[in-house]
Amino acid sequence: MPTYFTSSPGKVILFGEHAVVYGKVATAGSLGLRSYALVQTREDKKIEVNLPNVQLARSWNINDVPRQARWEGYPYPPQSMNTDLLDQLTKFVDLGNQTNRSQAAIALLYLHSFLTTDETLALGYDFVVRSNLPVGAGLGSSASYSVCVATALLQLNGYLSAGTGLDVAAQRDLVNQWAFQAERVIHGNPSGIDNTVSTLGGAVMFKKGEKIEPLPGFQSLRFLLTNTRVPRETQVQVANVRKLHDKFPTVVNPMLDAINEISNSCKDIFSQDGLDRSHLLTRFGELVDVNHGLLAALGVSHPSLEKVREISSKLGLKSKLTGAGGGGCALTLIRDDVTPETVAVVKQLLEAEGFQCMETSVGGPGAGILTLTHPTTIAEFLAHDKTYFDTTQNWTYFV
């Protein structure tokens, strides 16, 4: 059987942080930073899992892994999680309180338990995932991992082949639904936004309790992504905004409404016929500025994030926090007229503050599969740099 690479992007919130908690619209896009998986069969009936980002390297006999019998609704996942299977897998993996490693391994084996066919069970396989996404920075690293896992296992076991009768949209939906199951293993009660962005790519608009919709007409944008390295505490920031809201509802509610309108204005910009890219980027940058100002007024900025804004604004660039705030990451829009020299100066100044800077794009492709004509070793896969994957032209994306 052939060797597969799978790939999926991280995600970033463009507009709508915190307001989305109160039923407002938010906008998110796929990051140019991606995870990559290698999956290939072997002949010794073992599963070898190598996850260098969380320092996990384990192997198991494939027939020892608990397996789920055919279920109602096959091949789509059951609506409810199989808690008995999760308990079995937790004991089977036996990584104790090593949270990241344990959750990643259990999520993979949970999908394996449902999706592995008799043909694959007769062989075994290698499974390796590496990522360019920082873990725990609010950039969808777990969703990117989950989509890679779901795509790889579905492809390996024949669920995405032409013989299934599923068109591209149905295959994409199948990947997304199984990735959501992996996210549930990792997070318990995820929103589904991260795995949807990672599967679909591009940009989406979402509102609590409503269907996630693609942002029509969205064009890929360039950003400088700055990780302040200040630990983010999402629950603390959400709780602080709630306290402010409950204390001054007549003040905070109009601010949340204004953030809602920023997402709607973003939609209007990309839907407007005849708006040239230069004007589009200028208006988008203005929304970046206003959105950050409102979030800062809600108390979720941080001196490190304001430092990013201060440095980038001196060179004519617009920046905002992304995610929960209180640290974490900031986005700086790189317009088409910004020179590489300017970007280099901004990066140098930000890195001098101890920040980590990455040039990336938002709005690129979602989940993809690359079929190799020859086997590769785990060492070869891990030795490839990002350029190798990004310049390979034969990816098939679910678009």
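View A. R42 forms a salt bridge with E48, their closest N and O atoms being 3.0 Å apart, where a salt bridge is a side-chain nitrogen of Lys or Arg within 4 Å of a carboxyl oxygen of Asp or Glu. E48 is partly exposed, at a relative accessible area of 27%, and a network of salt bridges links R42, D44, E48 and D126. This is a predicted model, in which local features need pLDDT of at least 70 and side-chain atom pairs count only at pLDDT 80 or more, while totals for chains, interfaces and linings use all residues. Residues are numbered from 1 along each chain as its sequence is written, and side-chain values use heavy atoms, with hydrogens and water left out.

**View B. The salt bridge between R277 and D336.** The two side chains meet at 2.6 Å, N to O. Because R277 lies in helix α9 (residues 277–297) and D336 in the loop between β10 (329–334) and α11 (340–352), the pair ties together parts that are 59 residues apart in sequence; helices (H or I, at least four residues) and strands (E, at least two) are DSSP runs, numbered from the N terminus. R277 is partly exposed at 26% relative accessible area, and D336 is also partly exposed, at 46%.

**View C. The salt bridge between K11 and D194.** The closest N and O atoms of K11 and D194 are 3.5 Å apart. K11 belongs to strand β1 (residues 3–15) and D194 to helix α6 (residues 193–200), so this pair ties together parts that are 183 residues apart in sequence. K11 is buried, at 7% relative accessibility.

Methods:
Buried < 20%, exposed > 50% of the residue type's maximum accessible area, 1.4 Å probe, protein only.
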